[in-house]
Amino acid sequence: DTSDSIGNAWGTNFGNATVTGGALVLDGSADPYMQLPGNLFNAANSTALTIEFWASFGANANNARVFDFGNTNVQNNGVNYVGFSPHNGAGGHQLHISPGDGTFQQQVVGAGTLDGLTVHVACVIDPPNKTLAIYTNGVLEAINTNLTVNVANLNDILSYIGGSLSAADPNLNASIDEIRIFKGALSPITIKQSQDQGPDTLLAD
């Protein structure tokens with residue numbers, strides 16, 4: 001559902017987004033997405049982030065987003081953002097981050113889209129170690145070791161699940177069982193533990 005099992009960052013559904021069997025269901029049409037409260041993270045409380053989710057994907061159009069956290073400019077494009085696309089414009093899936101608009105974007109790309117797959121994905125944003133990484137089903141899939149964007153460069157006034165900060169991008173076609181945001185970079189062992197435990201068991205402190 002849209003509740004927060006740890007804190008008070010409850011989500012609000014828009015359009016025809018629904019909750020079925022405890023999962024957020026988004027059909028990829030123009031309206032449905034979920035919005036979380038803004039300012040979930042900032043430089044004062046975090047220098048690194050991990051965002052993980054369990055999802056079953058339908059067929060998605062280019063540049064659909066599982067999450068997009070940041071702000072928008074007067075052209076209705078994302079700025080100061082971090083996001084994940086299961087289907088980018090080049091036939092892959094990607095984690096991306098920018099200290100400004102898309103001109104300054106840095107990214108890491110995994111091979112193939114996630115269309116038609118049910119997967120656990122962990123996105124690690126670790127500026128102190130200059131890494132941007134995607135783990136799928138508990139295994140490191142792709143890594144960028146030249147990251148120069150810091151959490152301080154982000155501005156998550158808007159926190160979308162299934163929607164994009166950029167007005168031209170499509171909405172997501174997927175069912176999301178669980179999404180978690182951690183202040184800090186989870187270790188590979190912890191990500192594997194989370195994969196093994198599944199979406200219904202919280203990681204121990």
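Student: Where is the place of E178?

Tutor: E178 sits in strand β14. Strands (E, at least two residues) and helices (H or I, at least four) are DSSP runs, numbered from the N terminus. One caution: this is a predicted model, where local features need pLDDT of at least 70 and side-chain atom pairs count only at pLDDT 80 or more, while totals for chains, interfaces and linings use all residues. Residues are numbered from 1 along each chain as its sequence is written, and side-chain values use heavy atoms, with hydrogens and water left out.

Student: Is E178 buried or exposed?

Tutor: Buried means under 20% relative accessible area, exposed means over 50%, and partly exposed is in between (1.4 Å probe, protein chains only). E178 has 18% relative accessibility, so it counts as buried.

Student: Which residues is E178 in contact with, leaving aside neighbours within four places in sequence?

Tutor: Contact means heavy atoms within 4.5 Å. On that basis E178 touches E52, F53, W54, P199 and L202. Its side chain also makes a polar contact with the side chain of R180, at 2.9 Å. A polar contact is a pair of N or O atoms within 3.5 Å; within protein, one must be able to donate a hydrogen and the other to accept it, and residues adjacent in sequence count only if both atoms are side-chain atoms.

Student: What is the strand order in the open sheet of 7 strands?

Tutor: Strands of a sheet pair through backbone hydrogen bonds, either parallel or antiparallel. Here two strands pair if DSSP finds at least two bridges between them. The order is β2-β3-β14-β5-β10-β11-β12, with antiparallel pairing. β2 (18-20) and β12 (139-144) stand at the edges with a single partner strand each, so one side of each has no neighbour in the sheet. Inside that order, β5 (residues 49-57) and β14 (residues 173-183) pair in the antiparallel sense over 9 bridges, and L49 stands opposite K183 in β14.

Student: Which strands does helix α1 lie across?

Tutor: Helix α1 (residues 188-197) lies across β5, β10 (118-126), β11 (131-136) and β14, at about 155 degrees to β10. For such angles, axes are lines fitted to C-alpha atoms, for helices over the stretch in contact, and the values run from 0 to 180 degrees between N-to-C directions.

Student: How many aromatic pairs are there?

Tutor: A pair of aromatic rings is described by the distance of the centres and the angle of the planes. Rings of Phe, Tyr and Trp (its six-membered ring) pair if their centres lie within 6.5 Å; planes under 30 degrees apart count as stacked, over 60 as edge-to-face and the rest as tilted. The count comes to 7 aromatic pairs. One of them is F14 with Y33, stacked at 4.9 Å centre to centre and 10 degrees between the planes. F14 lies in β1 (residues 12-14) and Y33 in β4 (residues 33-36), so this pair ties together parts 19 residues apart in sequence. Ring pairs also link F41, F53, F57, F67, F69 and F84 into a cluster.

Student: What is the bridge partner of F67 in β7?

Tutor: F67 has F84 as its bridge partner there. β6 and β7 form a hairpin with 5 residues between them. In strand β6 (residues 67-72), 5 of the 6 residues are buried, so β6 is largely enclosed by the rest of the structure.

Student: What is the phi of N76?

Tutor: Most residues other than glycine have a negative phi. N76 has a positive phi of about 60 degrees although it is not a glycine. N76 lies in the loop between β6 and β7.
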